[in-house]
Amino acid sequence: MRRRDGGKAAQRLLIAVALAFLAAFLVVPLVAVLTQAFEQGWRVYWASVTEPDARSAIRLTLLTALVVVPLNTVFGVAAAWAIAKFRFPGRAILITLIDLPFAVSPVISGLVFVLLFGANGVFGPWLAAHGVKVIFAFPGLVLATLFVTVPFVARELIPLMQEQGTEMEEAAIALGASGWQTFWRVTLPNIKWGLLYGVILLNARAIGEFGAVSVVSGHIRGETNTLPLHVEILFNEYNFTAAFAVASLLTLMAVVALAAKSVVAWRTDRTLIPASAAQAGPTDIQP
Amino acid sequence: MTAASSTRSSSRARRSALPGLGLTLGCTLLYLSVVVLVPLAALVLRAADLSWSQYWTTVTAPRAVASYRLTLGASLAAAGLNGVFGLLVAWVLVRYRFPGRRLVDAIVDLPFALPTAVAGIALTAVYAPNGWIGGILYSWGFPVAYAPAGVVVALTFIGLPFVVRTVQPVLEDLDPEIEEAARSLGATPFQTTARIIIPTVLPALATGTALAFARAVGEYGSIVFISGNLPMRTEMTTVLIMARLEQFDYAGATALASVMLAMSFVLLLGVNLMQWVARRRMA
């Protein structure tokens, strides 16, 4: 009896320490963004997020995400199909290569494109002669964001599609379905939640990327400034209220992404656990 | 022919019954080459182009060496903090039931979703000498923002989900009955923790901590505001590379970037090796 009371007290203590840690590192900063953003009232907040530079930053950020998210989604699905449904030599190396951008610093992810397409880069003179601007322009922002977000969808789908095996697709093909029909009617419905999960993470990163984009953007206000870069400029100008007001938009995006992610995770848990438990045997055998 | 080899060959034949390998693999390789591999190769080639003496002076300059020391030291400190508190958070989330547990579980992923620049300015505001937490610590003579401690705080923020999300599934699989058996055999809670729980989660904990460390080494957005970027004291290597770029010193930036890239590859290799060892131990 005494021991159990001791256990309860220890449990409460551990919960309290864990929550205090999370509060100091995650919750307090989150609350700080909102309080600082509204420090001077609604009107200043509204003005900060609707002034022309902020609006152009919002537009540029959304436009970048609009190009990057579909491209890397299609890439992720194609890569997962090849890797999860087939065996071929070099498969393990390919998985590592897809994960590579996660291991590379964002600053380096931007730098590589400056070295390729910058004024004195490999293709710099050729681009200049043809009047094409990549660095300090929209294409550079897209390339840097593409690089950084390459792994997101593939990473979610590869383990999921491996777990599901190939039997259902094989049955569809045997019954006369074409490859595309098999993908749209059999594979896609099976992976849709995992795919959505990956796309949510991909989108959040594409919108929020800072380091890589910072290198290639040139920080031209109203032209090549994405939302995170706009936050940086405002903060460095000691315009804190405006900086936090714009940051609160990005925070809202992050909170929505987290909520969507939780819903999706909850749904996949409900629909996939029986399937994965049933297939745990065969997938374990595969190297 | 043995039965095993015949099933293997038949399963291989069945595998190729699915269409699309050529198309998807081709697209994957082409896309990956254009977006990731060729640009990275450009960096390596550019670094190789530099003369050896120029390269060596750049990467061993006192300011660069000080930045490596801060980068590795602060990343290690943050990874250590995350190792301890990440394990605790994962344990509390898996084993205990308390109001708001699901919300807490969701919020652990915040560092994955929140743009690093936002995290950076938010942590700076909270941990600055006039901030909510930083003010208290400052009055105790312990400045956080604009000091190495600020870098550790930001890197801890960034790395936390790596540890929690790697350890959590292993703890979920750990059967409480084993601990109960140990306890009924007379083991103290401390012995149960040291002999059963820690050894089971150790491979996952090591992997998660290494991932947090690797992420911390290359971090830029969250540390650039809070560190103060004082050369020789609070300047991270990524910030130094950025400073070189702003002065259009591409050779210097490339040389430093190649050092960081080498570090990242060693870490990636280390993490893969650890996962391989963990999988072998599990099997």
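In this predicted model, the domain assignment divides chain A into domain 1, covering residues 1-37, and domain 2, covering residues 42-285. Taken over C-alpha atoms, the centres of domain 1 of chain A and domain 2 of chain A are separated by 33 Å. Where the two touch, 5 residues come from domain 1 of chain A and 8 residues from domain 2 of chain A. On the domain 1 side of this contact there are 4 nonpolar residues and 1 polar residue, with no charged residues.

Chain A also meets a partner. Here 69 residues of chain A are in contact with 67 residues of chain B. Which element gives the most to the chain A side? It is helix H1 of chain A (residues 2-37), with 16 residues. Sorted by class, the chain A side that touches chain B holds 53 nonpolar, 10 polar and 6 charged residues.

We can now turn to how helices pack within chain A. Two packed helices are described by the angle between their axes and the distance between the axes. The crossing of H3(A) and H10(A) is right-handed. H3(A) contributes Thr61(A), Thr64(A), Ala65(A), Val68(A), Val69(A), Asn72(A), Thr73(A) and Gly76(A) to the contact, while H10(A) contributes Gly198(A), Val199(A), Leu202(A), Asn203(A), Ala206(A) and Ile207(A). This contact has 7 nonpolar and 7 polar residues, and no charged residues.

H10(A) also packs with helix H9 of chain A (residues 167-174), their axes coming within 10 Å and crossing at roughly 140°. The crossing of H9(A) and H10(A) is right-handed. From H9(A), the contact takes Met168(A), Glu169(A), Ala172(A) and Ile173(A); from H10(A), it takes Thr182(A), Val186(A) and Thr187(A). By class, 4 residues of the contact between H9(A) and H10(A) are nonpolar, 2 are polar and 1 is charged.

A further helix to look at is H12 of chain A (residues 227-236). After H12(A) comes Tyr238(A), which has a positive phi, near 60°.

Terms used
Residues are numbered from 1 along each chain as its sequence is written. Chains are lettered from A and ligands numbered from 1 in the order in which they are written. This is a predicted model: local features need pLDDT of at least 70, side-chain atom pairs count only at pLDDT 80 or more; totals for chains, interfaces and linings use all residues. Axes are lines fitted to C-alpha atoms, for helices over the stretch in contact, and angles run from 0 to 180 degrees between N-to-C directions. Helices (H or I, at least four residues) and strands (E, at least two) are DSSP runs, numbered from the N terminus. A crossing is left-handed if the near helix is turned anticlockwise from the far one by less than a right angle, and right-handed if clockwise. Two residues are in contact if their C-beta atoms, placed from the backbone, lie within 7 Å. Ala, Val, Leu, Ile, Met, Phe, Trp, Tyr, Cys and Pro count as nonpolar, Asp, Glu, Lys and Arg as charged, and the others, Gly among them, as polar. Domain bounds come from an automatic or database domain assignment.
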